[in-house]
Amino acid sequence: MWTYLNGEFISKEEVRISPFDRGFLFGDSVYEVIPSYNNKLFLFDEHLERLKNSLSITNIPIPDSLKDLHPLMMELLKKNQFSNQAIYIQITRGVDPVRSHVSASTTVPTLFMTSTELETNPYRENPDKEGLKVELEEDMRWKRCEVKATTLLPNIIPFHREDKSDIDEILFHDGQKINEGSKSNIFFVFDDLIVTPPKEQNILLGVTRNYFLKRLLEEGFRVLEKEVKIEDLNKADEIWVTSSTKEIQPVHQVDNMVLPEKELDEYYWHKALKVLEEDLKGNC
Ligand code: PMP
């Protein structure tokens, strides 16, 4: 496996960063995960735009190599060979000579990339597979979740409690208001209305969320960005999660509440997946 670090392609076994890197010491860094299908990056411009937004909000300088990001990613895909991959890119504020909250003005950002094989969405091959098991959790994250920061402790801790080994995803809520998953955005279906929490809530504006919002509207579905409360959950006909690596996956159960069953063709998540699959044919 090949990685890319500050201008060089280096094998996974040999790549090294300094423990004085601010990404390591402070979590002072942002990231993106970009999928590729058939050696083509999917929604690259949208991911790049969000990365620049994360850099701008955190005031991490834009690394010079960002202007060549597309060819660099294509080179990494080529070196790592799988036809479908997920590229991880992380940019930290860089390595300082001493640990200090305030970074030296001369510090240059660290840019690291790696890629792994993109697992096929299991609901493509087996749409009848039981949906995900998710659990509600009070949202303890910071208030700037639109920044894709690597500081992810609140997203990770719930999965490491002893009794949480069979949970697929955590659903964060602020009081009654449901925000998003710990690693995905959330959609609800009420009758024929598809609803996802609005950007004004404390969420990451998922590239996949935005893609489905736009494409489902174009395809004539009724879609709305609107607050959903915990008390609305028992009225939901479907719940799905979306992300760049999971695409779209149905939820079977939220805490002890099991979602109603329908025929496969009636599920909106399945119709949405078909839209994506058609679009990906164009991408290939
Ligand atoms: N919300 C959170 C908290 C996430 O970590 C992710 C996955 N990166 C998403 C939403 C989905 O974002 P995207 O569709 O851009 O992968």
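# Paired strands and a loop in a predicted model

Trainee: Which residue in β6 stands opposite L5?

Mentor: This is a predicted model, in which local features need pLDDT of at least 70, side-chain atom pairs count only at pLDDT 80 or more, and totals for chains, interfaces and linings use all residues. Residues are numbered from 1 along each chain as its sequence is written, and side-chain values use heavy atoms, with hydrogens and water left out. Strand β1 (residues 2-5) pairs with strand β6 (residues 110-117) in the antiparallel sense over three bridges; strands are DSSP runs of E of at least two residues, numbered from the N terminus, and two strands pair if DSSP finds at least two bridges between them. In β6, the residue opposite L5 is F112.

Trainee: Which are the edge strands of the open sheet of six strands?

Mentor: The pairing in this sheet is antiparallel, and the order of its strands is β2-β1-β6-β5-β3-β4. An edge strand here pairs on one side only, and this applies to β2 (8-11) and β4 (40-41).

Trainee: Is strand β3 largely enclosed or open?

Mentor: Strand β3 (residues 29-37) is joined to strand β5 (residues 85-92) by eight bridges, running antiparallel, and two bridges join β3 to β4, also antiparallel. Buried means under 20% relative accessible area, exposed over 50%, and partly exposed in between, with a 1.4 Å probe and protein chains only. Eight of the nine residues of β3 are buried, so the rest of the structure leaves this strand largely enclosed.

Trainee: Which residue takes a positive phi in the hairpin of β3 and β4?

Mentor: Within this strand pair, S36 has L41 in β4 as its bridge partner. The hairpin has two residues between the strands, and the positive phi, near 50°, belongs to N38.

Trainee: Leaving aside neighbours within four places in sequence, which residues is G175 in contact with?

Mentor: G175 lies in the loop between β8 (169-174) and β9 (177-181), and counts as partly exposed because its relative accessibility is 39%. Contact means heavy atoms within 4.5 Å. With those sequence neighbours set aside, the contacts of G175 are E138 and I230.

Definitions and conventions. Helix = DSSP H or I, 4+ residues; strand = E, 2+ residues; numbered from the N terminus.
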